[in-house]
Amino acid sequence: MNCSTKGAVPIAILQLPLVEPLTYLSGGQFLSTGTWVHRERTIDSYELILGISEVMYFQIGDRLYELAPGDALLLQPDEHHRGYRPSPANLSFYWFHFQCPVEPSLLAEEEAIDKEQPSAAGDALLIPAYLSTPIPARLHILAQQLLHVGTGRYHHPRSADYFLTSLLIELSQQYVQQLQMAEEQTLDHSFPRMLEWLRLHAGDKQLTVERVAERFTYNKDYLSRMFKRRMGINMLAYIHRLKLDRAKDLLSRTPLNIKEVADRVGLEDDKQFIKLFKRYEGLTPTQYRKAFILTHMNDD
């Protein structure tokens, strides 16, 4: 990210509710013929800027940005901004002014990580104040379509609003995908060790998702989400599976009674064990054991 800040000011993330389309005000494509500096001003609407060519040197409050091709920058209403040094000739960018029908909320980046799943964010977009977009071509295509529709020649009076909303949906999607990729890379180095640790501690009565998160220094909700994405089942179900695999082994080769087996695999009592076993295996522990009673054993 070609961005520097003074005083370690964090980049805000806007959570924009989508109860209805955003309101398009105006837009265009800027192209400089010589060196150029953005004038100092404050506006009362949101503004989205998408870099096309060259670099724009932009200041919002005390945050300094270098907006390169493929970068996206979002200004909030009443934010004081200006250029802080000249940009070269042939600087080009898209700009769009808009309003939100519902007041958005501001999140820190760590809060956005917890909300990047659709179930957590609800019908809302997550838009960072700055993003180096991984696929700028998609945004540029939508920007061109929005400028075409924004001429006002479409019959539907809110056509530009819908195209603007589509543009911001794409921007939010690219941001969320970046978050997901970063999360998976963070988890990669510890995931094999975590699975082995779970296998070794499957019989512990205190084995919970909270304990695993604490052991590997992850946020519990984040770890649960990433585990399910990687393994296809949630961590608690995975822990239950480990316990039941150990229980099936004990049932098939030892004379331990049901209560003793439950204790060996770290379950509180035999009633919980029987209920869990039947839910996952479709039969009771006793029925499972009887299926192995005729097993032939030999020592030569």
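**Salt bridges, a central strand and nonpolar cores**

The side chains of Arg211 and Asp204 meet in a salt bridge, with an N to O distance of 3.2 Å. A salt bridge here is a side-chain nitrogen of Lys or Arg within 4 Å of a carboxyl oxygen of Asp or Glu. The model is predicted, and local features need pLDDT of at least 70, side-chain atom pairs count only at pLDDT 80 or more, and totals for chains, interfaces and linings use all residues. Residues are numbered from 1 along each chain as its sequence is written, and side-chain values use heavy atoms, with hydrogens and water left out.

Arg211 is partly exposed, with a relative accessible area of 28%. Asp204 is also partly exposed, at 24%. Buried means under 20% relative accessible area, exposed over 50%, and partly exposed in between (1.4 Å probe, protein chains only).

The structure holds 13 salt bridges. One of them joins Glu281 to Arg241, with the closest N and O atoms 3.1 Å apart. This pair links distant parts of the chain: Glu281 lies in helix 10 (residues 270-281) and Arg241 in helix 8 (residues 235-253), 40 residues apart. Helices (H or I, at least four residues) and strands (E, at least two) are DSSP runs, numbered from the N terminus. Glu281 is partly exposed at 22% relative accessibility. Arg241 is partly exposed at 33%. A network of salt bridges links Arg241, Asp245, Lys248 and Glu281.

Asp249 forms a salt bridge with Arg253, with the closest N and O atoms 2.8 Å apart. Asp249 and Arg253 are 4 residues apart in helix 8, so about one helical turn separates them. Asp249 is partly exposed at 35%, whereas Arg253 is exposed at 59%.

Strand 5 (residues 56-60) is largely enclosed by the rest of the structure, because 5 of its 5 residues are buried. In a regular strand the side chains alternate between the two faces of the sheet. In strand 5, Met56, Phe58 and Ile60 point one way, and Tyr57 and Gln59 point the other way. Strand 5 runs antiparallel to strand 6 (residues 63-67), joined by 5 bridges. Two strands pair if DSSP finds at least two bridges between them. Phe58 stands opposite Tyr65 in strand 6. The two strands form a hairpin with 2 residues between them, and Gly61 in the turn has a positive phi of about 60 degrees. Strand 5 also pairs with strand 8 (residues 81-83), in the antiparallel sense, over 3 bridges. There, Arg82 is the bridge partner of Gln59.

Arg82 is also touched by Arg39, as is His81, not counting residues up to four places away in sequence. Contact means heavy atoms within 4.5 Å. Arg39 lies in the loop between strand 3 (23-31) and strand 4 (46-53). Arg39 is exposed, at 56% relative accessibility.

The largest nonpolar core has 33 residues, of which Leu48, Leu50, Phe96, Phe98, Leu167, Leu168 and Leu171 touch the most other members. Helix 4 gives the most to this core, with 8 residues. A nonpolar core is a set of buried Ala, Val, Leu, Ile, Met, Phe, Trp, Tyr and Cys residues joined through side-chain atoms within 4.5 Å. Leu167 touches residues including Leu48, Leu50, Phe96 and Leu139, not counting residues up to four places away in sequence. Apart from this core lies another, of 19 residues, among them Phe191, Trp197, Ala213 and Met226.
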